[in-house]
Each structure stands twice: as C-alpha cells, then as structure tokens.
Amino acid sequence: MMTHRNIFLFASLAFSTFCLAAGYVLAGQWIGVVVTLITGLTWLYARKNPALWLSHLCLLASVCLAMAGILAGASPMLMLLGSGVALAVWDLVLLNDAL
C-alpha cells in the first residue's frame with residue numbers, strides 16, 4: 001500500500017531527477033543527463049535496501065551534480081532546486097529506514 005510518505009518520496013525523487021536532468025539538457029551536457037538518471041535509479045535502490053551509506057552517497061552525488069551543472073553553465077535555479085529536493089528525498093529514505 002502506498003502511504004503519503006512513499007508518494008511524496010517518489011514525487012520528490014522524480015522532481016529532483018527532472019530538475020537536474022533538465023538543467024543538463026539545456027546546457028547541452030548529455031553525460032550529465034546520463035549520470036543524473038543513474039543517480040535517480042540508485043536512489044530507488046537505496047530505498048529498497050537499508051544500507052545507510054548508500055543514501056548518503058546518493059545525496060552527495062546529487063549535490064555534486066548540481067555543483068558541476070552550475071559550473072558547466074546549466075541553470076542555477078534548476079540545479080539548486082534539484083539538489084534541494086534531493087535533500088528531501090534523502091530525509092524520506094532515512095525516515096523509511098527508521099520506521
């Protein structure tokens with residue numbers, strides 16, 4: 001059964017991945033798009049497996065992707081929004097593990 005917490009987690013994950021990928025698409029950096037999609041799939045794996053370090057690694061990757069995107073000329077608003085929502089995803093993944 002999908003709880004409100006899980007719905008918010010998936011919506012936040014999709015929005016974060018979309019913002020980061022859209023920023024890289026607009027900047028013309030296709031490698032960034034691929035790495036962003038891989039990071040999004042890794043978030044899903046981190047949700048299924050309660051390995052605590054994996055969610056931290058995914059958050060670090062999302063923030064690094066945002067920073068690299070800003071340095072590559074992507075929209076700072078999309079990059080900051082994507083990394084900010086990734087922080088919410090990280091918190092929700094840890095909350096699901098705790099419960």
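Tutor: What follows is a short talk about a cavity and a helix in a predicted model.

Student: How many cavities of 30 Å³ or more are there?

Tutor: The count comes to 1 cavity.

Student: Which residues line the largest cavity?

Tutor: The lining is made of Ser16, Thr17, Leu20, Thr36, Thr39, Gly40, Trp43 and Ser62.

Student: And how does that lining divide into nonpolar, polar and charged?

Tutor: There are 2 nonpolar residues and 6 polar ones, with no charged residue.

Student: Which helix gives the most to the lining?

Tutor: H2 does, with 4 residues. Helix H1 (4-27) and helix H2 (30-48) each supply at least two.

Student: Switching to H1. What span should H1 have, and why?

Tutor: H1 has 24 residues, so at 1.5 Å a residue the span should be 34 Å. The end C-alpha atoms of H1 are 34 Å apart, which agrees.

Student: Which residues of H1 are buried?

Tutor: The buried ones are Asn6, Leu9, Ser12, Leu13, Ser16, Thr17, Cys19, Leu20, Ala21, Ala22, Gly23 and Tyr24.

Student: What covers the buried residues of H1?

Tutor: The cover includes H2, helix H3 (52-71) and helix H4 (76-98).

Note on methods. Residues numbered from 1 in each chain as written. Predicted model: local features only at pLDDT ≥ 70, side-chain atom pairs only at ≥ 80, totals over all residues. Heavy atoms only, no water. 1 Å grid on protein atoms, 1.4 Å probe; cavity = no way out; pocket = protein on both sides within 12 Å on 5 of 7 lines; lining within 4 Å. Points joined across faces, edges and corners; volume = space filled by probe spheres on them. Nonpolar A, V, L, I, M, F, W, Y, C, P; charged D, E, K, R; others polar. Expected span 1.5 Å × (residues − 1). Buried < 20%, exposed > 50% of the residue type's maximum accessible area, 1.4 Å probe, protein only. Contact = heavy atoms within 4.5 Å.
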